[in-house]
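Student: I have a model open and want to go through it. Can you take my questions as they come?

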Amino acid sequence: MDILYLMILCSVSLAAVFLVVFIIYARKGQFEDDESPAVRILFDSDEIKEKEATDNDKSKDEIGENNKN
């Protein structure tokens, strides 16, 4: 019977620790942005990388010596 009391005490104290940690991070704003993680899966990372690569190529052409008018 003593082990039952010990297990109840351990589980309640562990639950209290998790509750305190949750409250601390909720006040810091950890759980404020629920929209972007759900939408982030819809974007294809290859398209983003290709767009960045084409943007970098254009900026190199504009700056480089090949653009002599």
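Student: Is F31 buried, partly exposed or exposed?
Tutor: F31 is partly exposed, because its relative accessibility is 48%. Buried means under 20% relative accessible area and exposed over 50%, with partly exposed in between (1.4 Å probe, protein chains only). This is a predicted model, where local features need pLDDT of at least 70, side-chain atom pairs count only at pLDDT 80 or more, and totals for chains, interfaces and linings use all residues. Residues are numbered from 1 along each chain as its sequence is written, and side-chain values use heavy atoms, with hydrogens and water left out.

Student: Where does F31 lie?
Tutor: In the loop between α1 (2–28) and α2 (36–40). Helices (H or I, at least four residues) are DSSP runs, numbered from the N terminus, as are strands (E, at least two).

Student: And what about E32, buried or exposed?
Tutor: E32 is exposed, because its relative accessible area is 60%. E32 also sits in the loop between α1 and α2.

Student: What is the phi of G29?
Tutor: Positive, near 95 degrees; G29 follows α1.

Student: How far apart are the end C-alpha atoms of α1?
Tutor: They are 40 Å apart, which agrees with the 39 Å that its 27 residues should span at 1.5 Å a residue. The expected span is 1.5 Å times one less than the number of residues.

Student: Switching topic, how many helices and strands does the chain have?
Tutor: Three helices and zero strands, running α-α-α from the N terminus.

Student: How much of the chain counts as buried?
Tutor: Of its 69 residues, 0%.
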